[in-house]
Amino acid sequence: MREGVHYARVRGSISRIPNTQLSYPEYSRLVRRGADGSRIIRMDVLFGMDDPSKERNPWNSDDINASNFRSIVELLRQRGYRDHRVWTRQDFQSFIGLAEGSYGDPYVMELTKPTPAGITLIARVFFGPSGMNEDSSPFHFFLKSAVENSSIFIYSGHSGLGAHLDLQGIESLYGFRIQPNPNLYQIYFINGCTTYSYYNEMFFQRKASAQDPRGTRNLDVITNGLATYFSVIDTTDFYLFDAVTNWADGRGALSYQRLADSSDTQNLYGVNGDEDNPTSEDHPSVLPPR
C-alpha cells in the first residue's frame, strides 16, 4: 500500500472536555399537556429482543431481555404504577398502518401513576425485535413515536454497531421522517453496548435549530461507553424512572451526577447535553411540583 494512493496520513489533536461537576435534569419541562388538558409525563422504554426467534410474549418468553421487561414492570408496580392497558392487534394495526400479516405483533403495555401534584406518569413498555434485519417494523414505528413525543425515551437492547437506531436507514424503509420537536425538552437513555460511540450527534442534530444550533438545549442523551450486560439493563433503566417518579411525588430532584453514581455498572455511564442544564436544585425547572 502506498501513501497518497491507498491511504492518507493525517495529524489529529485531542483536547479533554472536563466533566460537568453538577447538573440537573429539567424535570418540570418534562411535563406535557394531554389531549384532555391534564398534565402528564410519558416515559417510553423499548426492549429489543436478544433472540427474535423466541416467544414474543415477555411473560412466557425465555429471551434474556424478557426478564428485564418483567423486572421493570414489577419495579414500577412497587412504586405505585398500575396496569392501564395491554395493546391489542387492533391497536397495532391502527398505530402502525402496515398491511395486516406483514409483521409479527410485539408486546406493549402501559402503566400509569397519579401524583399528589396532579401529574400523571405514563410508562409505555415495549418488547419485540429491534434489529434492522429482523421483524422490526413495530419497533421502528414505536421508536419514531418515542423520539418525537415522549418526555423520556429509553432503548434497552443491542446497539447493532450503530444500525439498530439508524434514523436515516429506518426512514428509508418507510418513507417517513423521524423529527423530534426542537422546542420540547426530552431525555433519551440509549442503554446498550458502547452506545456513546453511535448514538450522540445523530439525536442532537435532529434537535438543532437556529436558536439552538448544537441541539443540546432541549435534549440530554445518556449513553454507555463500554459493553453493557443484559443483567444490569433493568436496574439502570429503573433508576431514571425512579428519579422522575420521586420528583413528581414531591420528594426532591436527583442530579445527573448522583444518578450516574447510583447507575454505575462499570460501563462508563455518561450524559451529553447537560452542559447547559441548571446547576442548582432551586432552579425553577428543577423544583418539585406543587
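A salt bridge is taken here as a side-chain nitrogen of Lys or Arg within 4 Å of a carboxyl oxygen of Asp or Glu, and in this predicted model the side chains of R56 and D135 meet in such a contact, at 3.3 Å from N to O. Because R56 lies in the loop between β2 (39-48) and α1 (66-78), while D135 belongs to the loop between β5 (119-128) and α3 (137-149), the pair ties together parts that are 79 residues apart in sequence. D135 itself is partly exposed, with a relative accessible area of 27%.

A further salt bridge joins E171 and R206, whose closest N and O atoms are 2.6 Å apart. This pair also links distant parts of the chain, with E171 in helix α4 (residues 167-174) and R206 in helix α5 (residues 201-207), 35 residues apart. E171 is buried, at a relative accessible area of 11%, and R206 is buried as well, at 9%.

In the salt bridge between R29 and E26, where the N to O distance is 3.2 Å, R29 is partly exposed, with a relative accessible area of 24%, whereas E26 is buried, with a value of 2%. Salt bridges also link R79, K113, D242 and D249 in a network, and the count for the model comes to 19.

Turning to the strands, β8 (residues 219-224) and β9 run antiparallel and are joined by 4 bridges; the bridge partner of N224 in β9 is Y269. Within β9 (residues 269-272), Y269 and V271 make up a covered face, while G270 and N272 make up an uncovered one.

Terms used:
Residues numbered from 1 in each chain as written. Predicted model: local features only at pLDDT ≥ 70, side-chain atom pairs only at ≥ 80, totals over all residues. Heavy atoms only, no water. Buried < 20%, exposed > 50% of the residue type's maximum accessible area, 1.4 Å probe, protein only. Helix = DSSP H or I, 4+ residues; strand = E, 2+ residues; numbered from the N terminus. Pairing = 2+ DSSP bridges.
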